[in-house]
Each structure stands twice: as C-alpha cells, then as structure tokens.
Amino acid sequence: MEAEPPLYPVAGGAGAQGDEDRLGVPDGPAAPLDELVGAYPNYNEEEEERRYYRRKRLGVLTNVLAASTGGTLTYGVYLGLLQMQLILHYDETYREVKYGNMGLPDIDSKMLIGINVTPIAALLYTPVLIRFFGTKWMMFLAVGIYALFVSTNYWERYYTLVPSAVALGMAIVPLWASMGNYITRMAQKYYEYSHYKERDEQGPQQRPPRGSHAPYLLVFQAIFYSFFHLSFACAQLPMIYFLNHYLYDLNHTLFNVHSCGTNSQGILSGFNKTVLRTLPRSRNLIVVESVLMAMAFLAMLLVLGLCGAAYRPTEEIDLRSVGWGNIFQLPFKHVRDFRLRHLVPFFIYSGFEVLFACTGLALHSWESCMRTKRDKTSSSPSTTGGRPWPSSLCTWAPACP
C-alpha cells in the first residue's frame with residue numbers, strides 16, 4: 001500500500017513551496033510590520049482633528065436650532081389653543097349648547113389662576129428638578145406637559161382642564177430655566193470646540209477664562225429669541241384659518257359698549273355675549289385640536305431626537321445618591337443659583353410686556369373712539385399705521401359715543 005500524503009506540508013518540501021505560491025506569500029524575507037499595521041501614509045492628524053471639531057460645532061448649532069424650534073412650536077400651540085378656547089368659552093350660546101350648566105367661565109378662571117400663580121412656587125423646586133433629571137430631559141418633560149395640556153382640551157371638564165393647567169404652571173419655570181441653561185451650555189461648548197488648541201495647551205483641568213463664551217452666548221440667544229418670537233405669529237394661525245370664519249364683525253361685538261379707553265377697568269363692560277355667527281362643528285374642532293396636538297408631539301420629538309445632552313454624565317449631580325434631607329434643603333441652598341438669577345429679568349420683562357400691551361390696547365381704543373366717525377376715515381399714523389380705516393365696514397362710533 002502506498003503511504004497517504006501528509007495533511008500538512010512538510011517544512012521546506014514541495015508542498016510548502018506550492019502553498020506559498022498559491023497564497024501569494026513572498027519567497028524572500030518577511031514583509032515589514034509597518035507596511036501592514038502602520039499609519040496610513042496620507043493621514044494628516046491636524047486636518048482630521050480640525051474636521052472632528054467642525055462636526056462638533058455643527059452638532060452644537062443643530063442643538064440650538066432644535067431647541068429654538070421646539071420652544072417656538074410649544075408656545076405657538078399653547079397660545080393659539082388658549083386664545084381659541086377662551087373665545088369659544090366666552091360665547092354664551094356655545095356654552096349653553098355644548099356644556100349646559102357646567103360653569104365653564106368659573107373653570108376658565110380657575111385654569112388661568114393655575115397657569116399664572118403656580119410658577120411662583122416653581123422657583124423653589126426648579127433647581128432640584130434640573131439637577132435630578134438633567135437639562136435636556138427637563139426640557140423634554142416640560143414640553144410633554146404642554147402637550148398634555150393640549151390633549152385635555154379634547155374632553156373639557158373641570159377634572160381635566162384645571163389639573164392640566166396647574167401642571168402647566170408648574171412646568172413653565174423649569175422649561176425656561178432648562179432652556180436658558182441649555183443655550184448657555186451650548187455657547188460654552190461652542191467656545192471649547194472653537195478653541196480646542198488653547199485648551200490642549202492649558203490642560204484639560206484648566207477652566208476657560210470667565211466670560212469667554214459671551215459672544216457665542218449672545219449669538220445663540222439671538223437665534224433662540226428670533227425663533228421664539230415667531231410663536232406669537234404661529235398662535236394666530238388657528239384664528240386665521242378656523243375661528244375667524246365664525247366670528248361676527250367688531251361693531252357687533254362692541255355694540256353695547258358705552259365707555260372705553262381710560263374710563264374702563266378690566267374687561268370692557270357691555271361686550272356682546274354672543275360673538276359667534278354660527279357654532280363650529282365638533283368635527284372641525286377635533287381636526288384643529290389634532291393638528292395642534294401633532295405640532296406639540298413634533299416639538300417633543302425635536303427636543304428628544306435632535307437636542308444632545310448639555311452635560312456629560314459625570315458633570316451632572318445625581319440626587320438619587322443623596323439623602324432626602326439634603327434634597328429638601330437644596331431649594332434653599334441654591335437660592336443664589338445662576339438659573340434663578342437669569343429668570344428674574346424674564347419675569348420683569350413679562351410683567352412690563354403685559355402692562356404695555358394692556359395700556360397700549362386701552363389707549364388705542366380710546367384714540368380710535370375719539371378720531372373715528374361714521375362715514376369718515378382716519379389715516380393717523382399713531383392709530384392705523386398710515387392706513388385708512390374702512391369706517392363703513394367697522395366703526396366704533398356707535399359703541400363709544
């Protein structure tokens with residue numbers, strides 16, 4: 001019998017030589033190790049580092065734009081829904097036909113109290129919530145509470161509207177504090193990514209100079225508020241595309257008003273209690289509220305998907321590892337927290353904004369009463385912006401003698 005060939009070629013034999021030729025292994029000495037595992041010959045470390053930090057800066061800009069768009073959609077939906085629902089609830093016929101003796105005006109007043117009074121108490125627990133959940137997740141939860149408020153308008157009852165309004169009031173201050181903190185943190189990150197060479201020279205533990213990120217913060221705040229103030233225009237879309245078709249003209253609404261301007265206090269007495277020409281169908285209301293709900297969900301998805309974390313996990317303070325006694329002391333320990341300091345100008349600005357809006361509306365109505373007469377037009381720049389008043393269509397002369 002002939003001997004079976006070996007399974008593995010013998011070193012130096014013909015089989016080994018044939019396998020080397022077949023596998024493409026060179027006959028000569030072994031190839032240098034640097035050619036196999038060495039650096040890429042065209043690799044430029046400085047260029048790759050520059051590209052890396054450029055992607056980081058683009059990510060920061062994406063975070064700022066996503067947060068700004070989310071805040072715009074959130075407040076646009078909230079203000080538009082609140083304006084539309086308060087006008088509908090003011091109409092006496094609408095209340096009697098749809099809600100009967102449910103006491104909707106009393107529910108509306110309690111809802112507004114919950115929205116406007118609860119933020120005062122929110123100043124105490126805002127630092128705790130932001131430190132516990134983190135900046136991004138606090139933004140997401142607050143936007144979700146706004147979406148919850150929108151969803152409760154599908155079934156308007158006392159036990160749905162009032163609790164959601166109180167929850168909304170509790171979320172206003174954390175939302176603004178977390179958004180302000182997020183924009184500030186993005187400015188700091190952008191500075192770090194733009195001056196990464198200086199940071200490498202100073203060392204990772206060295207903090208950047210105080211106020212070094214201020215130019216970026218100014219630009220990011222301008223971007224945020226440029227987007228955010230569009231929410232006041234977005235809030236008018238439900239009125240323009242839906243509710244204005246059902247409303248009477250202005251002279252019908254003000255027909256019983258006998259004093260206006262500086263002589264009136266609060267809501268003008270004598271407003272017509274029927275402001276709707278025809279009652280909107282329930283199906284149309286559901287469609288409008290569904291669109292607003294979709295926009296609220298879109299804002300949540302923007303914050304969740306496109307907004308990156310503001311801090312690394314090691315930079316956040318995890319309150320779950322702290323005793324409850326320390327947790328309850330945190331609101332008072334952090335009264336000087338920079339987030340609360342930044343909220344003070346916002347509250348002052350909001351108060352003056354409401355004051356100027358109310359006085360401006362009152363003075364505008366009083367001046368219009370004085371200047372506008374039947375069958376005449378007024379083109380005063382102070383009242384109409386240089387445009388003539390169509391007195392035959394809408395005049396306040398009968399309402400304000």
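Mentor: A contact is defined as heavy atoms within 4.5 Å. By that rule, residues 24 or more positions apart account for 80% of the contacts in the protein with a separation of 6 or more. This is a predicted model: local features need pLDDT of at least 70, side-chain atom pairs count only at pLDDT 80 or more, and totals for chains, interfaces and linings use all residues. Residues are numbered from 1 along each chain as its sequence is written, and side-chain values use heavy atoms, with hydrogens and water left out.

Trainee: How many helices and strands does the protein have?

Mentor: There are 16 helices and zero strands. Both are DSSP runs numbered from the N terminus: helices are H or I with at least four residues, and strands are E with at least two.

Trainee: Why is Asn 63 called buried?

Mentor: Buried means under 20% relative accessible area, exposed means over 50%, and partly exposed lies in between (1.4 Å probe, protein chains only). Asn 63 has 11% relative accessibility, so it counts as buried. Asn 63 sits in helix H3, residues 45-90. Leaving aside neighbours within four places in sequence, Asn 63 is in contact with Tyr 182, Met 186, Leu 306, Cys 307 and Gly 308. Of the 401 residues of the protein, 37% count as buried.

Trainee: Why does Lys 56 count as partly exposed?

Mentor: Lys 56 also lies in helix H3. Because its relative accessibility is 31%, Lys 56 counts as partly exposed. In sequence, Lys 56 and Tyr 190 are 134 residues apart, yet C-alpha to C-alpha they are 8.1 Å apart in space.

Trainee: What makes Thr 184 and His 213 buried, and which residues do they touch?

Mentor: The relative accessibility of Thr 184 is 14%, so it counts as buried. At 17%, His 213 counts as buried for the corresponding reason. Thr 184 has its place in helix H7, whereas His 213 is found in the loop between helix H8 (196-202) and H9. Not counting residues up to four places away in sequence, Thr 184 touches His 213 and Leu 217. With that exclusion again applied, His 213 touches Thr 184, Ala 187, Gln 188 and Tyr 191. The C-alpha atoms of Thr 184 and Leu 217 are 6.1 Å apart, although 33 residues separate them in sequence.

Trainee: What makes a set of residues a nonpolar core, and which have the most contacts inside the largest?

Mentor: A nonpolar core is a set of buried Ala, Val, Leu, Ile, Met, Phe, Trp, Tyr and Cys residues joined through side-chain atoms within 4.5 Å. The largest one has 64 residues, and those with the most contacts inside it are Tyr 75, Tyr 78, Ile 115, Phe 149, Phe 220, Leu 243 and Leu 276. At least two of its residues come from each of H3, H5, helix H6 (135-151), helix H7 (158-194), helix H9 (214-228) and helix H13 (282-306). H7 gives the most, with 15 residues. Beyond neighbours within four places in sequence, Phe 220 is in contact with Val 60, Leu 61, Val 64, Ile 183, Met 186, Ala 187 and Tyr 190.
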